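Let's walk through how to read a few features of a model. Have the sequence and coordinates open.

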Amino acid sequence: MNLELDPTQAAFREEVRAFIRDNLPDDIRQRLRRGHAPRQQDSVAWQRLLNTRGWAAPHWPKEYGGAGLDVARRLILIDELYRAPAPQPIGFNINMLGTVLLRYGTEDQKRFFLPKLANLDLWFCQGFSEPGSGSDLASLRTRAEREGDLYRVNGQKIWTTGAHLADWMFALVRTEQAARKQDGISFLLIDMKTPGITVRPIVSIDGQHHLNEVFFDDVRVPVGNLVGEEGRGWDCAKYLLVSERISVASMGQCWERLDYARELASRQMCNGKRLLDDPKFGGELAVLGAEVRALELTAWRFLLDPDIDRTLPGFASVLKLKGSELIQEITTLLARVSGLSGLERRSGDGEAALHGDAATVSRYFFHRATSIYGGSSEVQKDILAKTILG
């Protein structure tokens with residue numbers, strides 16, 4: 001299923017595979033293979049290993065701790081991490097905030113934050129959505145009022161992934177009222193230890209604590225933590241969201257989950273024979289594999305085109321929309337294959353968590369949100385209708 005790579009790209013793929021084989025702890029690989037999300041300590045340990053090669057932030061310039069990889073090698077690296085499976089570098093740090101800082105940050109901000117983002121010395125969360133301001137993000141109401149060298153922040157964020165783990169948050173706040181709701185929004189970096197911040201957990205449908213409500217009550221933020229121009233935070237948000245939507249179309253994850261479905265089906269018996277040998281099941285695998293392959297080829301065609309933003313400005317929405325649909329279909333198949341064993345709930349992170357198929361059903365529920373976060377599927381269809389169909 002590999003794409004046609006030139007000799008240097010093929011050599012890079014082998015280099016990445018060898019690094020993962022020699023350095024990824026087997027207990028982390030086994031947990032992810034079972035469908036569990038990586039634990040915080042797993043993500044930190046693995047990202048720091050990647051960072052020794054510049055691969056934690058592969059697309060960043062070398063002067064800021066990245067590897068300066070071209071798009072093709074970056075896609076190869078991401079693909080191999082998913083297929084291993086190994087934890088991906090934390091997207092909030094690398095693909096979102098890091099990318100924004102490289103474009104809009106001051107030199108002081110880059111020098112201070114970028115090394116810490118790459119080495120996961122600081123863990124960031126994303127403060128965008130609010131009650132009533134999710135897909136219509138520009139309607140946000142959290143306010144930041146300028147008082148000399150400080151902003152005083154009041155308001156609420158919701159569905160904030162990892163806020164209970166994070167050291168800092170990058171947030172969109174309203175610094176002024178404007179005729180157009182996208183104007184008057186600013187992009188702030190907020191230390192989560194600042195007095196006045198309250199984090200409350202939200203347990204989602206998969207039974208896990210990923211999400212949170214975050215409340216700001218007269219939180220004082222230095223003006224030096226403003227990224228870009230005051231009132232022009234929407235530019236940062238748009239730039240960031242394109243990166244997020246591209247990363248959602250995780251073809252390597254789709255391939256790895258299809259491989260795991262085959263592994264499970266080889267152990268499941270149906271009418272006296274292996275489920276894997278059932279023609280109907282085989283047909284489902286073939287259809288899903290063909291769709292992943294089509295998305296993979298589309299992603300490479302789009303992402304290797306330097307003029308894509310001009311010729312097809314909705315391309316990120318294509319990847320986000322189809323990638324969301326595919327991972328939902330694949331996790332639905334996995335939940336079916338796991339059968340009754342997938343209904344067992346296990347708690348904790350011990351050895352018991354590595355056995356049984358409960359994680360396949362948990363991840364099925366988790367991925368119901370894929371068509372919502374990063375811009376809902378309905379919003380992506382609106383974008384495609386405007387940018388492609390006119």
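Q: Is F113 buried or exposed?
A: Burial goes by relative accessible area: under 20% is buried, over 50% exposed, and partly exposed is in between (1.4 Å probe, protein chains only). F113 comes out at 5%, so it counts as buried. F112 has 42%, so that one is partly exposed. Keep in mind that this is a predicted model, where local features need pLDDT of at least 70, side-chain atom pairs count only at pLDDT 80 or more, and totals for chains, interfaces and linings use all residues. Residues are numbered from 1 along each chain as its sequence is written, and side-chain values use heavy atoms, with hydrogens and water left out.

Q: What kind of aromatic pair do F112 and F113 form?
A: A ring pair is described by the distance of the centres and the angle of the planes. Rings of Phe, Tyr and Trp (its six-membered ring) pair if their centres lie within 6.5 Å; planes under 30 degrees apart are stacked, over 60 edge-to-face, the rest tilted. The whole structure has 14 aromatic pairs. F112 and F113 make an edge-to-face one, with 4.8 Å centre to centre and 90° between the planes.

Q: Which residues do ring pairs link into a cluster?
A: That cluster holds F92, F112, F113, F124, F128, W168, F170 and F187.

Q: Where does the charged end of R363 sit?
A: A charge sits over a ring if NZ of Lys or CZ of Arg is within 6 Å of the ring centre and within 35 degrees of the ring normal. For R363, the ring belongs to F366, its centre 4.1 Å away. R103 does this with Y239, at 4.5 Å from the ring centre.
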